[in-house]
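These are my notebook entries on one protein.

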Amino acid sequence: RLHGFPPVVDGNCRLLILGSMPSVQSLERAQYYGNPRNHFWPMLAMILGEECPPEYSGRVEMALRHGVALWDSIATCVRPGSLDQDIRQAEPNDIPGLLRGYPLIRTVCFNGQAAKKAHDQFHARMDGVSYLLLPSSSPAPRRDVRSLEDKLPRWREALQNALQI
């Protein structure tokens, strides 16, 4: 059975990015988006107008400094490998509890369809919170969105609107 990470969040966060469940590489490294090929950290840095810090602690600090929280829809599951389609016996994280505890978060961005599907399976949408589906930052090729350049415009628009940057 796999177990995810605690949220990366503080009282200044205004936006929550929800993944589904960390990949095998992310779990091994104990890092959100720990696969070096994942587009998440480079995209976030570009959108925030910063250089992407080389160390994970610097990346987390960059996200928090700009009001970006991170967590996953799934707290624990059974999954051979890293593919979302192989997730079984999922148990949710308490996303509504997190949003109640951090009331400045008014936007939830799903990092891909699996994060949205898992969230919606377990939780109702909360009043006063905007929910946005973004293309997965995963390096796994998709039919419609493959490269960082394909994903960046949608991510940029969502984050800039939510963070007012």
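What share of the contacts in the protein with a separation of 6 or more comes from residues 24 or more positions apart? I found that such residues account for 64% of these contacts, a contact being heavy atoms within 4.5 Å.

I noted that this is a predicted model, in which local features need pLDDT of at least 70, side-chain atom pairs count only at pLDDT 80 or more, and totals for chains, interfaces and linings use all residues. Residues are numbered from 1 along each chain as its sequence is written, and side-chain values use heavy atoms, with hydrogens and water left out.

Overall fold. I recorded six helices and seven strands, which are DSSP runs numbered from the N terminus (helices H or I, at least four residues; strands E, at least two). Along the sequence I read the pattern β-β-α-α-α-β-β-β-α-β-α-β-α.

Burial. I looked up the buried residues (under 20% relative accessible area, 1.4 Å probe, protein chains only), and they make up 48% of the 165 residues.

Helix α2. Why is α2 (residues 40–48) largely enclosed by the rest of the structure? I found that seven of its nine residues are buried, so the helix is largely enclosed. The buried residues are F40, W41, M43, L44, A45, I47 and L48. I listed what covers them, including β2 (15–19), α3 (56–65), β3 (68–72), β6 (107–111) and α6 (148–163). After α2 comes G49, whose phi is positive, near 75°.

Dimensions. I noted that the C-alpha trace spans about 40 × 35 × 30 Å along its principal axes.

Definitions and conventions. Buried < 20%, exposed > 50% of the residue type's maximum accessible area, 1.4 Å probe, protein only.
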